[in-house]
Amino acid sequence: MHNYRDFILRELEKRQKKNPSYSLRAFARDLEMPSSRLSEILNRKMGLSEARAINLAERLNLTQPEKEYFIDLALSEHARSAVMKEMALRRVKARTELIETIDSRDLSGLSDGAHIAIQVKREQYAHALEKIKTFQEQLAKDLEAPSESDSVYNLTVRLLEPTNTNE
């Protein structure tokens with residue numbers, strides 16, 4: 001996603017999939033904002049201040065990295081200060097380049113491990129990350145034998161929310 005409006009639309013589409021009669025007016029109500037303002041934002045007639053971007057990111061229940069990206073996207077487009085706008089734009093570009101680099105790599109041959117899909121409630125995300133950190137630390141302790149080591153391996157465990165741009 002290269003536009004903060006995409007986050008808003010993605011959440012609206014999720015809710016509409018659960019309830020086909022879910023409207024923009026209902027979505028605006030749930031976000032605690034006037035439906036006219038939400039419409040203006042989505043139609044690029046109005047932007048988001050930093051405070052509104054933070055508030056909206058909270059109401060959309062975004063993960064912390066998503067919140068930071070969402071806010072930077074809004075600031076890179078609407079910040080009143082040229083310095084703030086430039087700083088946000090740099091963070092957006094850096095993140096975009098990193099995502100594109102990762103997406104362009106063929107990672108299929110990197111691992112003999114399995115890929116799994118799990119269902120997690122958003123509020124469990126931080127707990128899941130802590131469990132992953134604990135697992136990595138324990139595995140490193142269990143396997144560590146520096147004097148006897150003949151190889152170095154990279155272990156990567158990530159919890160990612162997949163996005164489908166074809167929806």
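Guide: Helices are DSSP runs of H or I with at least four residues, and strands are E runs of at least two, numbered from the N terminus. This is a predicted model, in which local features need pLDDT of at least 70, side-chain atom pairs count only at pLDDT 80 or more, and totals for chains, interfaces and linings use all residues. Residues are numbered from 1 along each chain as its sequence is written, and side-chain values use heavy atoms, without hydrogens and water.

Visitor: In which loop is E32 found?
Guide: E32 is not a glycine, yet its phi is positive, at about 60 degrees. Its place is the loop between helix 2 (24–30) and helix 3 (35–42).

Visitor: Is E32 buried or exposed?
Guide: Buried means under 20% relative accessible area, exposed over 50%, and partly exposed in between (1.4 Å probe, protein chains only). E32 has a relative accessible area of 58%, so E32 is exposed.

Visitor: What is the relative accessibility of R44?
Guide: R44 lies in the loop between helix 3 and helix 4 (50–59). R44 also has a positive phi of about 60 degrees without being a glycine. R44 counts as exposed, because its relative accessibility is 54%.

Visitor: How are helix 1 and helix 5 oriented to each other?
Guide: Helix 1 (residues 4–18) and helix 5 (residues 64–78) have axes 8 Å apart, at an angle of about 130 degrees. Angles under 35 degrees count as roughly parallel, over 145 as roughly antiparallel, 65 to 115 as roughly perpendicular and the rest as oblique. Helix 1 and helix 5 are therefore oblique.

Visitor: Which residues of helix 1 make the contact with helix 5?
Guide: Contact means heavy atoms within 4.5 Å. Helix 5 contributes E66, Y69, F70, L73, A74, E77 and H78. From helix 1 come Y4, R5, F7, I8 and R10.

Technical notes:
Axes are lines fitted to C-alpha atoms, for helices over the stretch in contact, and angles run from 0 to 180 degrees between N-to-C directions.
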